[in-house]
Amino acid sequence: MQSPITSTPRLPPLAWVIFGSRWLQLPLYLGLIVAQGVYVFLFLKELWHLVHGANALTEQGIMLLVLGLIDVVMISNLLVMVIVGGYETFVSRLGLHNHPDQPEWLSHVNASVLKVKLAMAIIGISSIHLLKTFIAAGEVGIPLCGSAEYISALAAHAQALANGMTLAPLGCTKVTPAGVMWQSIIHGAFIMSAIGIAYTDKLMTGSTAKREHAAGH
């Protein structure tokens, strides 16, 4: 016995316009795909710097470059979650059901799940940035790049070189104790926000399940 053919219900003109307005988000997701391409180019450029300068780089320099590559990959993963999950949730179905390459998380994605996953991805990205800061924290105490102290030290260094002295290159840092402290505080705020979002989602899911259970009885 053949199942009856279901047709798409005809919407009133105003409802059609309001519901169809979701397609205005399409250029936004296409723009994020372009941004993904830019990150691919950035990854390849950083990878070239790592391979090309492997002999001259220190262990710390290699580690910072590798962390930069991981950072690009995690941001790219975040873009994929926003593009695929957001389009599936807010614009239109992608028709990936039973597709062998369908992401596991996409089968049960909704606005709440997407928010939790995005929060966890942001924490991962923040962790990479914080780790890079901690690695560079050993530079705290040398002149800050662009500061008056560094400019005067650079002038004295150039004068010494002009007088024939042999000196090591003068370094500077972009890391300050206050910067490390605030980055740690912000990372902690991200973690607390993710915990709050996950807890709120758990409460809402539990309330919905109770209402459905009560309605079933």
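In which helix is His-187 found? His-187 lies in helix H6, residues 177-216.

## Basis of the model

This is a predicted model, in which local features need pLDDT of at least 70 and side-chain atom pairs count only at pLDDT 80 or more, while totals for chains, interfaces and linings use all residues. Residues are numbered from 1 along each chain as its sequence is written, and side-chain values use heavy atoms, with hydrogens and water left out.

## Overall architecture

The protein chain contains six helices and zero strands (DSSP runs: helices are H or I with at least four residues, strands are E with at least two, numbered from the N terminus). Of its 217 residues, 24% are buried (under 20% relative accessible area, 1.4 Å probe, protein chains only).

Among contacts (heavy atoms within 4.5 Å) with a separation of 6 or more, 71% join residues 24 or more positions apart.

## Packing of H2 and H3

Helices H2 (residues 26-52) and H3 (residues 59-90) have axes that come within 10 Å and cross at roughly 165°; axes are lines fitted to C-alpha atoms over the stretch in contact, and angles run from 0 to 180 degrees between N-to-C directions. H2 and H3 are therefore roughly antiparallel (angles over 145 degrees).

## Surroundings of His-187

His-187 has 12% relative accessibility and therefore counts as buried. Apart from neighbours within four places in sequence, His-187 is in contact with Ile-123, Ser-126, Ser-127 and Leu-130.

Technical notes: Buried means under 20% relative accessible area, exposed over 50%, partly exposed in between (1.4 Å probe, protein chains only). Angles under 35 degrees count as roughly parallel, over 145 as roughly antiparallel, 65 to 115 as roughly perpendicular and the rest as oblique.
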